[in-house]
Amino acid sequence: MRPDRRFGGLGASLFGGHRAPRPRQDPLKSTLRLNPWKIQACQQRRPAALYSSEGRLAESLAILHHHHHDWTLVCLSLLVAVFGSWVALDLASRVQTHLGRARLTWTSTAAIAMGLSIWSMHFIAMLGFDPGVPVVYAPGLTALSLVLAISSTWGAFIAATRPGARSGHVLLAGAAMGLGICAMHYVGMAALRTAMTLDYRPGLVALSLAIAIVASTIGLFVARQPRTAISRLLAASLLGVAVVGMHYTAMAALELTPIPGAASMASMGVPPFLLGVGVAAGTLLVLFLAIMASLYDQRGNILQALDAGGVGYWEYDLRSQSLQASSQVKALFDLRGDEDLTLEHWLGALSPEDRTRRDRAVESAQRTGGDYDHEYQLLAQDRWVNVRGKVIYDQRGRAVRMIGVVLDVTDRHEAFAAVTASEQRHRLLTNELNHRVKNTLATIQSIASQTARGVASLSEFRRAFEDRLMALSATHNVLTQASWEAAEIGDLLAQEMAPYPAEQVTLVGPSLRLPARHALALGMVLHELATNAAKYGALSTPNGRLDVQWATFDIERPEPMLVLEWRETGGPAVSPPTKAGFGSRLIKVSVEKDLGGAVALDFAPTGLVCRIEAPLQPISESPVRLDA
């Protein structure tokens, strides 16, 4: 073979290795390579005497015919390459869920896992290669090959997975990573020390470089995109096979030439097989730890997200009946984070009906494999919780544990209760409005009818009818200010007495709120009394006085009794009417029918005295004195 068809001594000259000076060789010996057909042809063309020259040819042929690969270590190197690729791709997927320093950390971890697995695959495969003579490895160059593998993958992963990286950047990063991996391989080969020279075929060297670049580029593109577990496993397998293919393509480019007169090198103290298994075990351990760190980080992120959302996490062992819960769940039971939440504590917070329902739901979930989703009320804590979970089965199909979450849904139940109460209130108010409108119309009809009977002219009817409608409107105003729930007796009197001098009117009584229906009826009564006093009674003269007092008394009845006394003094002399007018009839009807009470009118000569007694349900009561 011509010198320009091989990298003569590339491993020794390019990477600074040491090799004994090659003495002038016989032409036959210079052609000896790891190609048995070349040796056979030389044997046929040269005389036997030449083969015994210096006693070397037989030894060289024996060496050449004994090189091989340990297939156990070959398979182990493939396993390391595939598993390392899978770990690197899985760790790279963590990059998509982080920002800032955490993103850089997971990118670096993925790159280190990839670089370490590629280097381990190379070193294990090299330990499985037996050239037929003892070999050793230079520690410095071996360490340098590891640094090249990790640094090239780290730089490529950083460049390809950074935000904003485009396809062109990934292609450049893939080319750089492929060059680094190829350099790692040939530096590792340069670390090999044996009684042979290492030469390389340029074509296969270029092919190994191309395989390294293509495999690296594919790996970077896969690492950039989130993948399913199946697609990630497939990509890792293809990537691992490509990396191994690159290595053995580079090994196929290797040509070994025995060095005549070179002293045989002492073998390594540790058998290559045991060393290869040890390197593989160490690498797999590191990769497993990286996977565990990824899972722990993922679990931590999930728990933090649950905690931020106010969602508690629980786990229930069906065999030991033990319960594990997060701090969010414990807080629902008024427990601290360092206190244990036992199953007995959990069940003790439920009502007997909820405990029975919970037992049936757990049994059904284990039997059918369906979701566990129920809501319970924690009696002692006065909370509602929504408990959701799934059953986990072992390989034999037996239910072994349940995991799930707990949500505090107290606000939702309170909102539902408020909505239900609001709907009931709305229906009640609608019915009450209908009733009040009907009553108001009936009252207006009655006022119109009674007013028409007691007047002599249309103008008098109009004046009297408007006055009574205004009184009804005033009472409505007082009720409207209180949302038509209740009205103060003092407010009703103050509204009615507002047009009259304050020094003539005295109002004394407790703060008493009347229901709307009672307030309307009492307002009409007070208006009739005030109108009569202004026309014929104490308020018709400057010297007249009006005293109104009211109170409530408990006289062994279900409801307290309201007693109101209207007393006029200092006005014109009063005589009993010959017949009952509209005002008297309206007062009697309002008190007896609307208030369910009794009224007494005393037309004493000194002034009118009206006493009203009616059962009421007061809302609040506190003694006050009101002077109108």
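**A hairpin, a sheet and a run of helices**

Guide: Start at the hairpin: 2 residues link S17 to S18. Keep in mind that this is a predicted model. Strand S17 covers residues 598-604 and pairs with S18 in the antiparallel sense, over 7 bridges. Within that pairing, Ala600 sits opposite Arg611 of S18.

Strands of a sheet pair through backbone hydrogen bonds, either parallel or antiparallel.

Gly509 belongs to strand S13, residues 505-510. Its relative accessibility is 6%, so Gly509 counts as buried. The cut-off for buried is under 20%. Gly509 and Leu564 are 55 residues apart along the chain, and their C-alpha atoms are separated by 8.9 Å.

His527 lies in a helix, H18, which runs over residues 516-535. With a relative accessible area of 8%, His527 is buried too. Ile587 is 60 residues from His527 in sequence, yet 9.5 Å from it in space, C-alpha to C-alpha.

Now the other sheet. It is open and has 5 strands, in the order S8-S7-S11-S10-S9, with antiparallel pairing. Which strands sit at the edges? They are S8 (322-325) and S9 (372-378), and each of them pairs on one side only. Neighbouring strands in this sheet are turned against each other by 25° on average, direction ignored.

Strand S9 pairs with S10 (residues 383-393) in the antiparallel sense, over 7 bridges. In this pair, Leu378 stands opposite Arg383 of S10. In a regular strand the side chains alternate between the two faces of the sheet.

Finally, the helix packing. Two packed helices are described by the angle between their axes and the distance between the axes.

H7 (residues 139-161) packs on H8 at an angle of about 175°, with the two axes 8 Å apart. Angles over 145 degrees count as roughly antiparallel. H7 and H8 therefore run roughly antiparallel to each other. From H7, the contact takes in Leu141, Leu144, Ser145, Leu148, Ala149, Ser152, Thr153, Ala156, Phe157, Ala159 and Ala160. From H8 come Val170, Ala173, Ala176, Met177, Gly180, Ile181, Ala183, Met184, Val187, Gly188 and Ala190. By class, the contact of H7 with H8 has 17 nonpolar residues, 5 polar and no charged.

H8 (residues 167-190) also meets H10. Their axes come within 11 Å and cross at roughly 45°. That makes H8 oblique to H10. The crossing is right-handed. On the H8 side are Ile181, Cys182, His185, Tyr186 and Met189, and on the H10 side are Met246, His247, Ala250 and Met251. These residues divide into 7 nonpolar, 2 polar and no charged. Ile181 of H8 takes part here, and it is also among the H8 residues that meet H7.

How do H9 and H10 run relative to each other? The axes of H9 (residues 202-224) and H10 (residues 229-252) come within 8 Å and cross at roughly 165°. That makes H9 roughly antiparallel to H10. H9 passes H10 in a left-handed crossing. H9 contributes Leu204, Leu207, Ser208, Ile211, Ala212, Ala215, Gly219 and Val222. H10 answers with Ala235, Leu239, Ala242, Gly245, Met246, Thr249, Ala250 and Ala252. The contact of H9 with H10 counts 12 nonpolar and 4 polar residues, with no charged ones. Met246 and Ala250 of H10 meet H9, and both also meet H8.

Key
Residues are numbered from 1 along each chain as its sequence is written. This is a predicted model: local features need pLDDT of at least 70, side-chain atom pairs count only at pLDDT 80 or more; totals for chains, interfaces and linings use all residues. Side-chain values use heavy atoms; hydrogens and water are left out. Axes are lines fitted to C-alpha atoms, for helices over the stretch in contact, and angles run from 0 to 180 degrees between N-to-C directions. Helices (H or I, at least four residues) and strands (E, at least two) are DSSP runs, numbered from the N terminus. Angles under 35 degrees count as roughly parallel, over 145 as roughly antiparallel, 65 to 115 as roughly perpendicular and the rest as oblique. A crossing is left-handed if the near helix is turned anticlockwise from the far one by less than a right angle, and right-handed if clockwise. Contact means heavy atoms within 4.5 Å. Ala, Val, Leu, Ile, Met, Phe, Trp, Tyr, Cys and Pro count as nonpolar, Asp, Glu, Lys and Arg as charged, and the others, Gly among them, as polar. Buried means under 20% relative accessible area, exposed over 50%, partly exposed in between (1.4 Å probe, protein chains only). Two strands pair if DSSP finds at least two bridges between them.
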